[in-house]
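I opened this notebook to record what I looked up in one structure. The entries below follow the order in which I worked.

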Amino acid sequence: MALDTVALATNNPDTPQPFAELGLKSDEYARIKEILGRRPTSSELAMYSVMWSEHCSYKSSKVHLKQFGDKAVKSDALLVGIGENAGVVDVGQGYAVTFKVESHNHPSFIEPYQGAATGVGGIVRDILTMGARPIAVMDPLRFGPADAPDTRRVLPGVIAGVGGYGNCLGLPNIGGEVVFDETYLGNPLVNALCVGVMKHSDIKLAKAAGAGNLVVLYGAKTGGDGIGGVSVLASETFEATGPAKRPAVQVGDPFVEKVLIECSLEIFAEDLVVGIQDLGGAGLSCATSELASGGSGGMKVELDRVPLRDATLSPEEILMSESQERMCAIVEPSKIDRFLEICKKWDVTVTVIGEVTDGDRLEITWHGEIIVDVPPRTVAHEGPVYSRPLAEPAYIARVNAEVINPVIPQTAQEIKDAILMMAATPNLADKSWVTNQYDRYVQGNTVQSQPDDSGMVRIDEKTHLGVAVATDANANWSYLNPYEGAKLALAEASRNIATAGAIPLAVTNCLNFGSPEDPGVMWQFAETVRGLADGCLEMGLPVTGGNVSFYNQTGGVAILPTPVIGVLGVIDDVRTRTPMSFDRAGLELYLIGASDENLSGSEWAYLHGMRGGQAPTADLQREMRLIKLLVKGRTENIFTAAHDLSQGGLTASLTEMVLRYNVGARITLANPGITLLVETPGRVVVAVEASKSAMLKEAAGDIPLTYLGTTGGDSLIINDVEISLTELRTAHTSTFQKLFG
Amino acid sequence: MKVGVITFPGTLDDRDALRAASVAGTTAISLWHDEADLKGVDAVILPGGFSYGDYLRCGAISRFAPVMTKVIDAANGGMPLLGICNGFQVLCEAHLLPGALTRNKDLHFLCRDQKLVIENNSTAWTSDYTKGQEILIPLKNGEGSFQCDDHTLAQLESEGRIVARYVGENPNGSRNLIAGITNERGNIVGLMPHPEHAIETLTGPSSDGLGFFTSVLKAMVK
């Protein structure tokens, strides 16, 4: 095909163009023509198609997401908010921390290893782009039924991909989730979170300022992988009989990324860049248009200078390629020599591809001919915005009316069977088979990782300052009531930070949903955002950024609404954290928080084929009082251990606690069956020295406190039920080995 | 006393090794793969990671790095040299130690707290342990299965050159549960698990790993 230039586009206005194949609707195509005053060139069409895709433009979600700004609390901790590559918060002592979670769901279904690997790579580059050293990753994952044949294809590949990439980057994996549900069969969720740390003065932004400054592309060469990934893969529903979409999945090289990280950090340390942007979804189209929009002027790029892995790539393909491990920097001419020198030291390919101009256009040439001439903001930020129709789906009224009353174990034998069944069920079973494939030790600062309630890393070895991160979603509750579900996930993630004694500081999110073209899904989404924005406002936590993943549906079946909420907390001295379990006998165990008898959305109900009922109503005031108590429990040294109650309720938490250090417990419960199984939010089990029980009671104030029993022995005893730790451990730890070993 | 820690492209545990060497009381110095200069150090650590992406074979490219010619010369002259994980793989590729590290028997990357027994406490890196002492340190690798021919194995056993063995179930299929070995002279040690990740209980499963670094301090003082 002949090169399509701006001149050609002006002279041949009626040439038919494949906008629909590129994922653009006809009115979107018409709008591009209106912006440009002519038809787009094929290169411009390529850029608009990827940048106006759902994945990049947030066109269906934007109208809702602005609530995070409208309802935002004024937080002095927020240094960089939504809109940049990742939000940045002040954690004290001159340190700033950036964190973000993103989805790589669709590629991971097509090609589990590479999809998951490049998901990690992408989020790590987002964090690096802010000027931060990446210090940890986490990965909330969701799959179809554990025993489904396709889960056996997808899960091992995803785990190996997360590990293969993250381990090779030298980033400790400090937690995540592994959840199974039928609705994720065909639509697995692979979310990846990264945390980075820097000094306040080192924060970098994506802007191309200063006419005459150079546009520098460095990192891997550009190849033909991932072309159209965001528009084709992430923005369309999978059809059961569709063609293989493998070429749209990127292929990662973690070694190149590791070198790129070290090289970039050295460049940042010498203050050699004016602005910086990583190349992720939509590749160069995104990086050039976002950098140019972020600055005050325009930009000229000579596309033929881009180093290629495949010399046959057309300019359109180069603009759309999502080849991994690439960064784009804006560098003052006086600093370019040193920049090139550092790249040479690290053997990183580096090319000056253009310069910042004092105009207001993004102009891209191919061997001297102009192939792109656009106002950059129209590509990067002024894409279409849809107020999609939304309507409460019919299922809500139906399932909310259902009475959820699964059989409750009564006899000692029934209770024992229930505890062992819950310990072994895939959603609650020990996840070591997964987490043992991840390096949790590298960098030498990991204080907590799986199976702790949150991941915790030290960020200063002298002052012992640290941060904690937890991610949570309860899709069962979100399915029943997306508004409350979002608040409950926020509460749970915050509680998971606080059990260790850290103080919740900021929120990120990854909102995984079905097709936005379905009014019912759109309603779930709108309710979720409303719930999360209201919840954050009430708890005084800023939302620092996030990610939306739509089209997680095969045919007419959407996934459960799955808002993954990430909370970052700060702890002034990691040495004083409260561990999740006890390592000795003779301690007293208490349940903090009131329990009810609502089993809706619980794992026990799910195991009995019931997924209806009413989700709990989040009581965030109560949650905040609980968080205060948990922090106080650490700072005043009241607790020996504290562990959150969530999926699987008391039985799951007790199982995890006694197995952690192999110290049993003797518990007495008035109504053991229901008490072990309900998942009432806002509850925590704590272990205290007997001498500190009075302090606990005083600190708890009007928060309900129930004495459970004492620690010790080599079994878990509940009333007249006794389960040896060996039997409990076998049940808890053999599930994954049996399924995937 | 100065301990050098080499950074290759793709090295990951260099800062951890530098930290461990300092905590043990030595002066830790960073060395760069591309400079044939040991900067006057008295001992060298090849840390863990995926040098050169582990492409071709683990450690196969690193052994040709400019700094390695100096390391090999110095080690042949008796300088204490410790290769941890990827560093052990480099030592085998450089023929400073016999054998090879191959894919774990179940083909997964494996990260877990591993019990070892110290079998030889007369090397430059293990004198602070007692013979038969059990220690708990992290094991994390994808290619940690130690393999060698029968003759070499018999020689390693009979000459007491097994420095540490895995206790309990064999984690990766290593012959004779071998976790670490030494050369005849006892100055070069290769170890698959990571003592540098076990120097304090806050961030490691124990502080049992510190002994490797305090041992070399004593060896250098002697």
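The entries go from the sheet to the helices and then to the chain contact.

**Basis.** I note that this is a predicted model, in which local features need pLDDT of at least 70, side-chain atom pairs count only at pLDDT 80 or more, and totals for chains, interfaces and linings use all residues. Residues are numbered from 1 along each chain as its sequence is written, and chains are lettered from A and ligands numbered from 1 in the order in which they are written.

**Sheet.** I took helices (H or I, at least four residues) and strands (E, at least two) as DSSP runs numbered from the N terminus. In chain A I found an open sheet of 6 strands in the order 1-2-3-6-4-5, with mixed pairing; two strands pair if DSSP finds at least two bridges between them. Strand 1 (78–80) and strand 5 (173–180) of chain A are at the edges with a single partner strand each, so one side of each has no neighbour in the sheet. From one strand to the next, the twist averages 25 degrees.

I then looked at one pair: strand 3 (residues 95–103) and strand 6 (residues 189–199) of chain A run antiparallel and are joined by 9 bridges. Within strand 6 of chain A, A:Met198 is the residue opposite A:Ala96.

**Helices on the sheet.** Angles run from 0 to 180 degrees between N-to-C directions, and axes are lines fitted to C-alpha atoms, for helices over the stretch in contact. Contact means that the C-beta atoms of two residues, placed from the backbone, lie within 7 Å. I saw helix 9 of chain A lying across strand 4, strand 5 and strand 6 of chain A, at about 175 degrees to strand 4 of chain A.

**Helix 8 and helix 11.** Which way do helix 8 and helix 11 of chain A run relative to each other? Helix 8 (residues 112–129) and helix 11 (residues 254–269) of chain A pack at about 5 degrees, their axes 11 Å apart. They are therefore roughly parallel, a term for angles under 35 degrees. On the helix 8 side of chain A I listed A:Gly121, A:Val124 and A:Leu128, which meet A:Pro254, A:Glu257, A:Ile261 and A:Ser264 in helix 11 of chain A.

**Helix 9 and helix 11.** I recorded that the axes of helix 9 and helix 11 of chain A come within 8 Å and cross at roughly 35 degrees. Among the residues making this contact are A:Tyr165 of helix 9 and A:Phe255 of helix 11 of chain A.

**Chain contact.** I ended with the two chains: 24 residues of chain A are in contact with 23 residues of chain B. Helix 9 (149–169), helix 11 and strand 14 (446–448) of chain A each supply at least two residues of the side of chain A that touches chain B.

Technical notes:
Parallel < 35°, antiparallel > 145°, perpendicular 65-115°, else oblique.
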